[in-house]
Amino acid sequence: MNRHEATWWVTAIALAVALAVHFSLIVLSILPLNPLSYRCDRAVTAYVDPLFFQRWSLFAPDPIDADNTVFARAYYHDGARELITPWVDLTDPVLERVRALPVTPLNLTVTVLSKATASIFTETGIVGANSAARDAMLKRWEDPAQQPRGLVVLEAAGAAALRGTYPELKFERVQIMISTRMVAPFTKRFDPHAAGEPQYLTLDAAPFPNVIPWFSANPPR
Amino acid sequence: MEALQAQLHRAKDYLSVEHHLFGCALLRIGIGSVVVYYLAGHWAERSFLWGPNGLYPYWVFARELSTSHAPSLFAVQSQGLFDTLYLAALIIAILYTSGWHSRWLGIPFAIFTWSLFVRNPFMLTGGDNLVQVELPLMLFANTSAFLSFDSGWRGPFHPWPKPSRPLAALVHNAALFAMMLQLAIAYGGAGLAKAAGYAWQHGTAIYYVLQTREFGMSSATAMLFRNDILVALLTYSVVGFELAFPFLIWHRKTRWIAAAGAVAMHTAIALFMRLVPFAVEAMVFEFILFPDESYRRLIRIGQNSWLFKRMIRV
């Protein structure tokens, strides 16, 4: 065996070992918690996160089964009087435009609004909280620095839409409301009333963020 | 002993030649085009989507960095610097897609693409995640042997003028295997996650997804998906296909089934759920499953087809 051949074989063995270790750690990172992944958790996280972080639970284990709609309104002063704009729908106008042209740049905005809304429910536990815990949470979120990232994003989107809708007004605070309406269960899919009434989550108003206007004017509701 | 030696010799001979080069070139063009679409297609709203005072402002990114561990070149406070980096990313993406020094440009391309995907984590789709984890592996593959500046825009039938480099070929083949294995893990992981879900087990998941406004279709087409037999068949097909995919891609007789299934599934996702970039990102990885000879055969079949001859005549 000459030197070139030896180098080739050493490289081949090194690559085989590297790939075996790499994919073992990847597989451990995506499997549900088990005794092996529990034991190797630190090593797996240190290797996988962030470069090879991956989640393949697309529409799984449970598919999305509710429609969330995000609304925003703003507070401003006219002399000594504090006034409030009507609620501006952030979701439907964007969805309508995406429906008309699937490759519109607004497609990314739909994804962001949807995931930011879902993150408020999944990352904060506000839906399952009792009223005292919920009130404490909402009070804490009046300070933007304490807000969950999903709410920061919705307030930024709301502020951008409000600025686009009312360019002449100078806003001081922004408020977000989320409506959630469940899709009719499969067994009641032909019943037009099965979807039920939407549930509303109204968050406390927070200081109006410094965000560039983007959405074009939406007709106020 | 001699049989083992002969087998090792055969393995060395096989791995000392770069395989699936045409597919890797198509993958480079596919991924590069998606990133160019993201950057150029969102030029007007770049600041809103990724900028310092946009949807995911700089201060939130900085606050979340301690838990996300995912830094981004686009996480800057200066609007001017952000615009400069964005333009640089676009130029690099165009050059990489066209195969100009792609071996080395692949590194800044991967860094900028990573930076774009993590700058606003609420934007990351499953397709982006696939690109994100495949790009580091792609750096070790030869993606510019065909259809590139580097190769003089060589087509699939032109001979490769460069001498064989066994060590470089070994690294390329290892990267190719790694990319295919990563693809198998993505599909297998998606299938396993679905198999654990109530609605997927009971054959109704497709109904729920397509009834939402975000992923739903027009009301007329949605009525079609209210058909219980169709909904159950489609739901189980998706889970069955994703679970089978990791086993189908390794044999030449079954990889066509895997690729055809993936193209059918992702085309349906693009058309009915409007997730076009996601579908394209997932589909372009099917290119690497096939050897160069398969593409040559496909092109020959295409050239001999009635439609092609008719087009030439026109």
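This is a predicted model: local features need pLDDT of at least 70, side-chain atom pairs count only at pLDDT 80 or more; totals for chains, interfaces and linings use all residues.
Two elements, helix H4 (92–100) and helix H5 of chain A, each give two or more residues to the lining of the second largest cavity, and the largest share, three residues, comes from H5(A).

## Spaces inside the structure

When the whole structure is searched, four cavities of 30 Å³ or more are found. The largest cavity holds about 100 Å³ of space, and it is lined by 13 residues, with Asn107(A), Leu108(A), Thr111(A), Thr125(B) and Pro277(B) lying nearest its centre. Helix H5 (106–124) of chain A, together with helix H2 (21–41) and helix H14 (276–284) of chain B, are the elements that give two or more residues to this lining. Sorted by class, the lining of the largest cavity has seven nonpolar, five polar and one charged residues.

Several helices of chain B give two or more residues to the lining of the second largest pocket, among them helix H7 (126–138), helix H8 (166–195), helix H10 (205–211) and helix H12 (228–248). Helix H13 (255–272) of chain B also belongs to this group, and H13(B) gives the most to the lining of the pocket, with seven residues. The lining of the second largest pocket divides into 24 nonpolar, five polar and two charged residues.

| Space | Volume | Residue classes in the lining |
|---|---|---|
| Largest cavity | about 100 Å³ | seven nonpolar, five polar, one charged |

## Where the two chains meet

The contact between the chains takes 76 residues from chain A and 77 residues from chain B, and the area buried between chain A and chain B is about 6,500 Å², of which carbon and sulfur atoms give 70%. Trp8(A), Trp56(A) and Phe186(A) together supply 13% of the area that chain A buries against chain B, which is more than any other three residues supply. Three salt bridges are found across the interface of chain A and chain B. Arg189(A) and Asp228(B) also meet through their side chains in a salt bridge, with a distance of 4.0 Å from N to O.

## Details of the backbone

In chain A, a cis peptide bond joins Asp49(A) and Pro50(A), with an omega of about 10°, and the peptide bond from Ala60(A) to Pro61(A) is likewise cis, with omega near -5°. Pro50(A) is found in the loop between helix H3 (41–48) and strand S1 (66–78) of chain A, and Pro61(A) is also found in the loop between H3 and S1 of that chain. In chain B, His20(B) has a phi near 55°, which is a positive value in a residue other than glycine, and the place of His20(B) is in the loop between helix H1 (2–15) and H2 of chain B.

The predictor gives the complex an ipTM of 0.92 and a pTM of 0.93. The mean pLDDT of chain A is 91, with 96% of its residues reaching 70 or more, and the mean pLDDT of chain B is 93, again with 96% of its residues reaching 70 or more. Over residues 217–221 of chain A, however, pLDDT stays under 50, and for these residues the model has 15 contacts beyond four places in sequence. Within chain B, confidence is lowest in helix H11 (residues 219–224), at a mean of 68, and highest in helix H5 (residues 79–97), at 98.

Notes
Residues are numbered from 1 along each chain as its sequence is written. Chains are lettered from A and ligands numbered from 1 in the order in which they are written. Side-chain values use heavy atoms; hydrogens and water are left out. pLDDT is the predictor's confidence in each residue, from 0 to 100. Contact means heavy atoms within 4.5 Å. On a 1 Å grid over the protein atoms alone, a cavity is a set of points where a 1.4 Å probe fits but cannot get out, and a pocket is an open set with protein on both sides within 12 Å along at least five of seven lines; lining residues have an atom within 4 Å of a point. Grid points are joined across faces, edges and corners, and a volume is the space filled by probe spheres set on the points. Helices (H or I, at least four residues) and strands (E, at least two) are DSSP runs, numbered from the N terminus. Ala, Val, Leu, Ile, Met, Phe, Trp, Tyr, Cys and Pro count as nonpolar, Asp, Glu, Lys and Arg as charged, and the others, Gly among them, as polar. Buried area is the accessible area (1.4 Å probe) that two parts lose on being put together, summed over both.
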